[in-house]
Amino acid sequence: MKQFQYIRPASQAAVLDAIAKSGSKIIAGGTNLVDLMKKGVMSPDKLVDINSLPLNTINTSPKGLHIGALVLNSVLSENSLVLDKHPLLSMALKAGASPQLRNMATVGGNMMQRTRCAYFYDTTMPCNKRTPGTGCGAMGGYNRMHAIFGSSPQCIAVHPSDMCVALAALGATVTIAGKKGERHIPFTEFHRLPGEHPEMDNHLATGEMILGVDIPDNNFAKNSYYLKVRDRQSYAFALVSVAAALDLRGGVIKEARLAMGGVAHKPWRLFDAEKFLAGKAPTEENFNKAAQLAMQSAKAYEYNAFKLKLAPATIAEALKHAGGLA
Ligand code: SF4
């Protein structure tokens, strides 16, 4: 492993000073970054430990529920406000990683984790995300875990998070700090599609840091469900996952929210399916139609064509659970 400097600033201003150069990387739980450094996939000059900052609170705010970037995944999944207001988020968190990892991983780190594409981690293989311009090992390789939506000729990797799928469905907002002050972006616009620059996972600029996320109040608590399909029941990334949330009133869907994991370079919102479900009855027929609508732009590669059947089946099943039909 390359030699690096480690610092632990005591203030946000000092962190922003320290990350102004591109060779610096923020570390919190380190559950992904340390692995990447050991394998030589990432080799920062300086690690900036932000664990001294007061970013580990969960509290109600005028915007809804505020969650600091340093809140641990395990703490968040058991928080009474989350269980009461946004059980979908708790379900997604508990579906991710293992208890040990959730005890170390933070909200900000979860958002910043990198793809688990095997070619990205193997430094003997070409990978445009790790080393731009070298090609994509997965494109003609073993691409069973890879994307069916939004990929590009440069990269077909998927984002690995479960938490982020729930936050995308819940319409969260990300608060980011930089030298010029704070900015707020919708969660669905935080992560990027690969396009011509798969080396960039998200829209966080050099010198910026995540302060936290806010989830607006909603009426989804009673009718939401996170369904993750994976190769084993624990400690495995999603083949396909679905966050489904319904605002049901008087036997009609007032609003639907759907997002998928394991299918794209970012949490994948199913806007067409959501629009279709609004104003409809929560029936199996409507859920199946919504699932088919969601698949319109899907495209498979050699080894992941099974996702074209698995994805709509998972959407329909998650909706049945959310709508009380399962
Ligand atoms: Fe690299 Fe993306 Fe191709 Fe995987 S899919 S090898 S991360 S460029």
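Trainee: Before we start, what should I keep in mind about the model and its numbering?

Mentor: The model is predicted, so local features need pLDDT of at least 70 and side-chain atom pairs count only at pLDDT 80 or more, while totals for chains, interfaces and linings use all residues. Residues are numbered from 1 along each chain as its sequence is written, and side-chain values use heavy atoms, with hydrogens and water left out.

Trainee: Which residues have the most contacts inside the largest nonpolar core?

Mentor: A nonpolar core is a set of buried Ala, Val, Leu, Ile, Met, Phe, Trp, Tyr and Cys residues joined through side-chain atoms within 4.5 Å. Buried means under 20% relative accessible area, exposed means over 50%, and partly exposed is in between (1.4 Å probe, protein chains only). Here the largest such core has 37 residues, and Ile 67, Leu 76, Leu 89, Met 111, Val 174 and Phe 187 have the most contacts inside it. Elements that each supply at least two residues of this core include strand S5 (64-68), helix H5 (87-95) and helix H9 (163-169). H9 gives the most, with 7 residues. Helices (H or I, at least four residues) and strands (E, at least two) are DSSP runs, numbered from the N terminus.

Trainee: What does Ile 67 touch?

Mentor: Contact means heavy atoms within 4.5 Å. Not counting residues up to four places away in sequence, Ile 67 touches Thr 57, Ile 58, Leu 76, Leu 89, Val 107, Gly 212, Val 213 and Ile 215. Apart from this core lies another, of 29 residues, with Phe 149, Leu 246, Ile 253 and Met 295 among them.

Trainee: Is Glu 208 buried or exposed?

Mentor: Glu 208 counts as buried because its relative accessibility is 16%. You will find Glu 208 in the loop between strand S7 (181-186) and S8.

Trainee: With which side chain does the side chain of Glu 208 make a polar contact?

Mentor: A polar contact is a pair of N or O atoms within 3.5 Å; within protein, one must be able to donate a hydrogen and the other to accept it, and residues adjacent in sequence count only if both atoms are side-chain atoms. The partner is the side chain of Arg 183, at 2.8 Å. The Glu 208 side chain also reaches the backbone nitrogen of Ala 205 at 2.8 Å.

Trainee: Where does Lys 85 lie, and what is it in contact with?

Mentor: Lys 85 lies in helix H4 (residues 80-85). Leaving aside neighbours within four places in sequence, Lys 85 is in contact with Thr 60, Asp 217, Asn 218 and Ala 221. At 26% relative accessibility, Lys 85 counts as partly exposed.
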